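Subject: Structure for your review

Dear colleague,

Please find the structure below, together with its sequence. My notes on the ligand site and on the arrangement of the chain follow it.

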Amino acid sequence: MVLNEITKHPRIVIVGGGFGGLELAKSLKKFDGEVLLIDRHNYHIFQPLLYQVATGSIQAESIVFPLRKIFHNQDNVTFVYSNVLSVNAASNTITTTDGEVNYDYLVLATGSDTNFFGNKEIEHYAMPMKNVTEALNIRSLILQNLEVAFLEKDPDKKQALLNFVIVGGGPTGVELSGAIAEFRNHVLHKDYPEQKEANMKVYLVEGKTELLAAMSTEASVNAKKNLLEMGVEIYNDVHVKSYDGELLMIDNGTNI
Ligand SMILES: Cc1cc2nc3c(=O)[nH]c(=O)nc-3n(C[C@H](O)[C@H](O)[C@H](O)COP(=O)(O)OP(=O)(O)OC[C@H]3O[C@@H](n4cnc5c(N)ncnc54)[C@H](O)[C@@H]3O)c2cc1C
């Protein structure tokens, strides 16, 4: 395929095969022109279930779908696996890792990135969860920590390996802390009989006075109640000050 030659005008270039880009491309089924869907992955990620990949309850393959397959029955869509580097509005082109691409209309549906609120230290040490690789990294870290804790003799170091802190009590933080607690409550004693459930700690730290602040009061209250019953230790109305890869400092004086 020659990226900078338009075969049928108008050409709509959509960057991003997430929910937004996909919906748009599918809605253009009757469009009499060319649709180029560009993504740096050749699969769509169903982000709402990333937390289950991160806790090993489902395989990564269960939440990714090949973008090419989605458009088997839509001839006007061509998928291009490439990374978009810049937009050149004056010349109606974008620059990708595979060359220039011409467009008549351009849609940027590139999603969002994790917000570290300007804290470079946390950005360096914390583990975000926006894509499959990041979810698998979290899964590896959890399992690796449990393995290392098994052999660790120093009780403080052992405890540190068994402390899991989730910062952010929105939907993702609530789901992830709940899933890690479920793992602790139901799987740990089977796979790691030598580890005591009580020793594996799950903390959820949230700056607002309640969890799921953007949702209904009922959802917020129930989420907190259920997580507490599952043994998640919740800190509300506090902020993480720093994390150097070992010590997490909260502005209420708590260090984990
Ligand atoms: C862990 C988690 C759980 C969530 N749970 C829910 C939920 O339960 N309910 C709900 O409604 N929403 C949920 N969301 C939010 C929802 O997933 C997002 O709002 C939605 O995915 C946004 O869609 P999008 O198309 O804008 O971006 P995305 O889905 O992020 O897609 C962006 C696409 O652009 C591609 N891309 C980015 N930059 C480039 C580039 N330079 N070149 C080429 N390609 C590029 C990416 O590879 C990606 O495929 C969750 C999000 C996360 C992270």
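In this predicted model, the ligand is surrounded by 20 residues, and the closest of them are G20, D39, H41, Q47 and V84. Sorted by class, this shell consists of six nonpolar, 11 polar and three charged residues.

A polar atom in the side chain of Q47 is 2.7 Å from a ligand oxygen atom. On its own, the ligand has 1000 Å² of accessible area, and the protein covers 71% of that.

Which parts of the chain supply the shell around the ligand? Both domain 1 (11–108) and domain 2 (120–250) do, each with at least three residues.

The division of the chain is into these two domains, domain 1 covering 11–108 and domain 2 covering 120–250. Their centres, taken over C-alpha atoms, are 32 Å apart. In the contact between the two, 14 residues come from domain 1 and 14 residues from domain 2.

With kind regards

Note on methods. Residues are numbered from 1 along each chain as its sequence is written. This is a predicted model: local features need pLDDT of at least 70, side-chain atom pairs count only at pLDDT 80 or more; totals for chains, interfaces and linings use all residues. Side-chain values use heavy atoms; hydrogens and water are left out. A residue is near a molecule or strand if one of its heavy atoms lies within 4 Å of it. A polar contact is a pair of N or O atoms within 3.5 Å; within protein, one must be able to donate a hydrogen and the other to accept it, and residues adjacent in sequence count only if both atoms are side-chain atoms. Accessible areas come from the Shrake-Rupley method with a 1.4 Å probe; for residues, only the protein chains shown count as cover. Ala, Val, Leu, Ile, Met, Phe, Trp, Tyr, Cys and Pro count as nonpolar, Asp, Glu, Lys and Arg as charged, and the others, Gly among them, as polar. Domain bounds come from an automatic or database domain assignment. Contact means heavy atoms within 4.5 Å.
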